[in-house]
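Here's a quick briefing for anyone opening this structure for the first time.

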Number of protein chains: 2
Amino acid sequence: LTVRIAIDAMGGDDAPASIIAGALVAARHLQIGLLLVGARDPIERQLSRHPGVTSLDIDILDTPERVDMAEPAAVALRRKPRASIRAAAEAVRGGRAAALFSAGHTGASVMAAHAAFGRLPGVDRPALATIIPTRERPAVLLDVGATVECRPQHLVQFAIMGAAYARVALGCEEPRVGLLSVGEEESKGNDLTREAHQFLKSAPIRFAGNIEGRDIYAGQADVIVCDGFTGNITLKVSEGLVDTVETLLHEELSATFGTRVGYLLSRQAYRRFRKRLDYSEYGGAPLLGLNGLCIVGHGRSSPKAVRNAVAMAARAVSDGLLHRLAREVSAHSMH
Amino acid sequence: LTVRIAIDAMGGDDAPASIIAGALVAARHLQIGLLLVGARDPIERQLSRHPGVTSLDIDILDTPERVDMAEPAAVALRRKPRASIRAAAEAVRGGRAAALFSAGHTGASVMAAHAAFGRLPGVDRPALATIIPTRERPAVLLDVGATVECRPQHLVQFAIMGAAYARVALGCEEPRVGLLSVGEEESKGNDLTREAHQFLKSAPIRFAGNIEGRDIYAGQADVIVCDGFTGNITLKVSEGLVDTVETLLHEELSATFGTRVGYLLSRQAYRRFRKRLDYSEYGGAPLLGLNGLCIVGHGRSSPKAVRNAVAMAARAVSDGLLHRLAREVSAHSMH
């Protein structure tokens, strides 16, 4: 039995080309079924560029509209009832696919999934959970952009969901949960984190206290909780900085003949290092807290990132992620 | 005529040793006078470890108390009227020194400086402004931790002060001011940034719109404005990531003989690259918006960072930073 993933073929900076290219690799190598959602003509044009597509399990759901990056999510979804992201989410709700993948407008993806799936009992707001590398082992950072305006109890719910996700995705049995703040002491932070800190002390998690920005990559916590605005900035600043480090290092290394030799010799090492910090290795962030599976990809998703995100979606289905999250959340009274 | 800087000798992870070591280098090489504020005994013990101190222009202001990192700032300052940070700020107000440097508890430093100096007319909240490297040229990021809870008009005031600081410190005549948010479009962000965006469009600055986390190191703006919580996380995440990149690269480069050779050959390049990203090159962050000069250092300040921060404080005095800020702020009605 194949797992089928609904894919918003129209979402992402290089859609549909890079989305379809990546999804096809997943379909081919992992026996995943695809429901490509978007305008039929450009989708078929892209498919025709790849050989051997007819042997794969691919359906197309033809939708004439799409949400553009510049549109406010709520307005766009109201005005475009046949937008690809909305049709894709509804196809998952209707059982035509087991999970949704979108690399398009994050706000619209969250809103469409929320509307189609509804929330898990006990959850007030969904959260996007991404896996970040640390010096020790990978960790879960959430929310990275689903809920930009949070109240303290939302952060408590994120902590419980993040711990459940760390158990499923990272095999981390007793994840240490840290609250991202501006100082380790509980008196430090903004109103949101100071109040959340008090709730987290009595929440059914292994609370490790506040964690500062400089410690998240040191591996001091397995789950790092913050509001969606802070988490998104944290993730994007990290990506931009890694790119900048690469550029600056390259400049410095090209400056002299001696270091150019050094660069050539150590190129293999760079590649391995870069891979450990490359978000596209992880591919996507699951949206936790909804009664359905949705993986959100980066707007700049490469085919490799799309392939990995679609694989992640299929694995989430076969791991029973949704059921396990629901069970953990309902076991802990969060209200 | 020497410029004298008041130094909270008791503030910082390795105080007073590293604070005094760094301040003495500045005193020796830049003919800066020091007012060392703290407990006389440990200060004199540290001074005795450095040769040739008697030829330098050094005063000690003996204060029995200090604020510890774990104390809530307001409580500590109320309970400890003779805390070193408070005495140092009052010494500047009283004219015994021209500026204040503290690498101690940031909240307590901000609060003590605020109480001693008062605000510039037209400013409601102070902001810590740090200089960050980008691929193009250095930029100003503010607030990095003085005001963790902001309203939209505070961000507008930070934008005006940040632009004035970029003119003075970076010689950037028409700085482009970006608002740190989770999307380039003005509809994206949290309540704070969406509202601030509207005000900034009509503020007397060259507003470059929202800027995403991944673009701050690309050099897309000369001044990046955000609330103190977000700015502090941004700065600390960056520091932690640079450390982690160094560790991971070193691990990868040590893995094989070939890359070890590459590492040796490119060591000089690493050193230059690391220096471009090292906060201690900049040393400290001036607190903007108060009617007096205060430079806040990193809690983990090395002697080199302290030396550079004390030099920055002296330069701020000789550049007339305070006067120039006051003039720019009053020229723009911010209320």
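In chain A, helix 6 (residues 152-170) and helix 7 (residues 191-201) pack at an angle of about 50°, and their axes lie 8 Å apart. This is a predicted model, where local features need pLDDT of at least 70, side-chain atom pairs count only at pLDDT 80 or more, and totals for chains, interfaces and linings use all residues. Residues are numbered from 1 along each chain as its sequence is written, chains are lettered from A and ligands numbered from 1 in the order in which they are written, and side-chain values use heavy atoms, with hydrogens and water left out.

- The contact (heavy atoms within 4.5 Å) takes in P152(A), L155(A), V156(A) and A159(A) from helix 6, and L192(A), E195(A), A196(A), F199(A) and L200(A) from helix 7.
- By class, that contact has 8 nonpolar residues, 1 charged and no polar ones.

**The cavities**

- There are 4 cavities of 30 Å³ or more (a cavity is a set of points on a 1 Å grid over the protein atoms alone where a 1.4 Å probe fits but cannot get out; lining residues have an atom within 4 Å of a point).
- The largest cavity has a volume of about 60 Å³, the space filled by probe spheres set on the points.
- Its lining includes D8(B), R66(B) and H105(B).
- Helix 4 (84-93) and helix 5 (106-117) of chain B are the elements giving two or more residues to this lining.

How values were computed:
1 Å grid on protein atoms, 1.4 Å probe; cavity = no way out; pocket = protein on both sides within 12 Å on 5 of 7 lines; lining within 4 Å. Helix = DSSP H or I, 4+ residues; strand = E, 2+ residues; numbered from the N terminus. Axes fitted to C-alpha atoms, helices over the stretch in contact; angles between N-to-C directions. Nonpolar A, V, L, I, M, F, W, Y, C, P; charged D, E, K, R; others polar.
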